[in-house]
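Visitor: Hi, I'm new to this one. Could you walk me through a few spots?
Guide: Happy to, here it is.

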Amino acid sequence: MASGGYEMERGQGGETHQKVPAAGPHDGQGHLTTNQGIRVSDNQNSLKSGARGPSLLEDFVLREKIFHFDHERIPERIVHARGSGAHGYFEPYESLSDLTKADLFQRKGEKVPVFVRFSTVAGGAGSVDTPRDVRGFAVKFYTKEGNWDLVGNNIPVFFIQDAMKFPDLVHAVKMEADRAFPQAASAHDTFWDFASLMPETTHMLLWAMSDRTIPRSLRTMQGFGVHTFKLVNEAGKVSFVKFHWKPVQGLQSTVWDEALKLQSADNDFHRRDLWEAIEKGDYPEWELGLQVFDQAFADAQPYDVLDATKIIPEEDVPVRPVGRLVLDRNPDNFFAETEQVAFCPANIVPGVDFTNDPLLQGRLFSYLDTQKSRLGTANFHQLPINAPKCPMANFQRDGQMQMHVPKGRANYEPNSLSAHGEEPGPRECPVTGFRTDPGRADSEEQGDKLRVRPELFADHYSQARLFWRSQTPSEQAHIASAFTFELSKVKMAQVPGRMIANLRNVDEELARRVAKGLGLSLPEANPAARAPIDMKPSPALSIQKNMLDTLKGRMVGILIADGTDAAALSSLKQAVEGAGATPFLVAPHIGTSLSDGSVIAVDGQLAGSPSALFDAVAVLLAPDAAALLVKEAAAIQWVMDAFGHLKTIGRNDAAQPLLDKAGVEPDDGITPLDGTFIQKASQRQWAREPKLRLLA
Ligand code: HDE
């Protein structure tokens, strides 16, 4: 027996011995077994009659193995199918007992375990990480009073106001019904057909066409609970709340061309980035922030706080940081945890409550329902990733894949089994049990049964205008260009004009720029159901105004080749590491000889490591190598893309010919390889963009 392995017995036909590691089901002694615990003598050969067959039906080892394999896949999520998850904890900064009785917010510094899953929305489970798409940001808190799921997105508003429209929205955005393309993209007929007919989508469309939907990393995006929720304290006092997650690393997005190139460079760009950051101990972190307000504030606003297409500007209600979320452990198994995790907005704890937001109300039903299709049984809550980490007890019984083995006769209540000396089972607790807030604060006193929406829901444009006016000129150019790009993919002739007619209610200039980009004349504005108003711009809505000037947790690509100066490389790497970033060496060959004769193995070969993968780049070459690389398309493209993606480029003198060949023009972001490079490497050179890109 080899250490860590199992010496196979000789196969039926006398084949060679092989050593295989003990993995998967085993009996605790390193032996491979079937699911029934029977030791397997040969995991290489099926059972045959004679060396040349036929194979025998009685081979239960083969049949069990293939049977299980045949059923390895489960239905993927209808939306948010592609996701990446991690474990971590939430830690409150202070007690929030004045606001909520929720146990997890009572004690400063007491950690609550969490599991977080980030996702794209439109693509299938095997789609890429970097399409233009909303990102899911779902957090499961395993509190002492049961699981609380805050199932949010990286955008604080949603496309629609009422759950009734969700299947239509999702059908429209996913691949088209007859042709099954495009995968993971909103740039197609059915999405824009739907969106242009539904003015309530306009605010979210502005966000979706902004750089929010092409984040650089899952670690550099915000999260939002979206709906207004309630917090309830011990005395029963109710406050309204919006939940915010703010990344400690600040906001970072890509530019569109970079996002496209990342799709071909690395389909798993975000998943890998999250995994590697956690493996390195560079734990992603967010602050939980609350916007707390009362009914009087809600009544005074020109929008309805129950409308999920509206934000509450941070300038009106500041976001109060109340704790931090740290992700410090990768899943042990993607399927068992990230795939099988079942989030549900209806999972809340005493101290938190729902409002009557009609979108939220629909979600409260949907998530439980979908898990039955996806996970196949009403007992999905027993899977380890979904099970609460506090005690649970009730009289629910049986069902497919029941894992619990309840004892005794108590499966009903009330019962008098204790009178017979039997275990009576659990009882309700009117004191500590979850009680729905009876307050009518957010509802009509006595509602008739109507299929209607509240009056203020009819304002579809004011906040879209607020968002547009809160962006920098460069962000506005990105939004106008994204509308132009997406609508340029639409073949249904009536749709782009209809969309521009809606945009005229947001901003005339935006509408004009999109029309010009598409070669269309400006259509009549779509009559607005309710005339938009001008709200004060909110700087908090801009990414560029909320980036942090730090290299911490980022990646710097360094292009080298044979003959690169060893000492200069070593000090550059040290400086990058000193700033908290990771240097990533790229060269034409993995084995690269440096000026001192040493040969090093670089991290990535040039053809497979385009500069889109990095936050900033450096080019450190010997003159001979530069003379060769000016003929190498991959090297020219590497530099050209870094320039086009507005990244800071550090270079030594000998590398200049390559920069010249790539069309790099000097600006603030082209630096020598000294302290200036490190100082500027965290920044994007927005001022460069109008010089090299024809934006709408
Ligand atoms: Fe979801 N959504 N959703 N959604 N959603 C699902 O649940 C649904 C909405 C969000 O990582 C599904 O388990 C309806 C808003 C996230 O597993 C499904 C409506 C927001 C995730 C479902 C909405 C979200 C989902 C599909 C309108 C942001 C992924 C698989 C009434 C606040 C969670 C599943 C994960 C997943 C229904 C609207 C966020 C079908 C009916 C608004 C992050 O139940």
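**A walk through the model**

Guide: This is a predicted model. Let's begin with aspartate 189: setting aside its neighbours within four places in sequence, its contacts are Glu176, Lys489, Val490, Lys491 and Met492.

Visitor: Where does aspartate 189 lie?
Guide: In helix H3, which covers residues 189–197.

Visitor: And is aspartate 189 buried or exposed?
Guide: Aspartate 189 is buried, yet it has no salt bridge. Arginine 179 is the nearest side chain of opposite charge, and that is 5.8 Å away.

Visitor: OK, new topic. Where is arginine 82 found?
Guide: Arginine 82 is in the loop between helix H1 (60–70) and strand S3 (83–92). It's buried, with a relative accessible area of 5%.

Visitor: What does the side chain of arginine 82 make a polar contact with?
Guide: With the side chain of aspartate 129, at 2.6 Å.

Visitor: Now the sheets. In what order do the six strands of the open sheet come?
Guide: They run S17-S14-S13-S18-S19-S20, with parallel pairing.

Visitor: Which strands stand at the edges?
Guide: S17 (604–605) and S20 (670–671). Each has a single partner strand, so one side of each is left without a neighbour in the sheet.

Visitor: What packs on the sheet?
Guide: Helix H14, residues 566–578, touching S13, S14 and S18. Its direction makes about 145 degrees with that of S14.

Visitor: How many bridges join S18 and S19?
Guide: Three, in the parallel sense. Valine 617 stands opposite isoleucine 649 in S19.

Note on methods. Residues are numbered from 1 along each chain as its sequence is written. This is a predicted model: local features need pLDDT of at least 70, side-chain atom pairs count only at pLDDT 80 or more; totals for chains, interfaces and linings use all residues. Side-chain values use heavy atoms; hydrogens and water are left out. Two strands pair if DSSP finds at least two bridges between them. Helices (H or I, at least four residues) and strands (E, at least two) are DSSP runs, numbered from the N terminus. Contact means heavy atoms within 4.5 Å. Axes are lines fitted to C-alpha atoms, for helices over the stretch in contact, and angles run from 0 to 180 degrees between N-to-C directions. Buried means under 20% relative accessible area, exposed over 50%, partly exposed in between (1.4 Å probe, protein chains only). A polar contact is a pair of N or O atoms within 3.5 Å; within protein, one must be able to donate a hydrogen and the other to accept it, and residues adjacent in sequence count only if both atoms are side-chain atoms. Lys and Arg count as positive and Asp and Glu as negative; His and the chain ends are not counted. A salt bridge is a side-chain nitrogen of Lys or Arg within 4 Å of a carboxyl oxygen of Asp or Glu.
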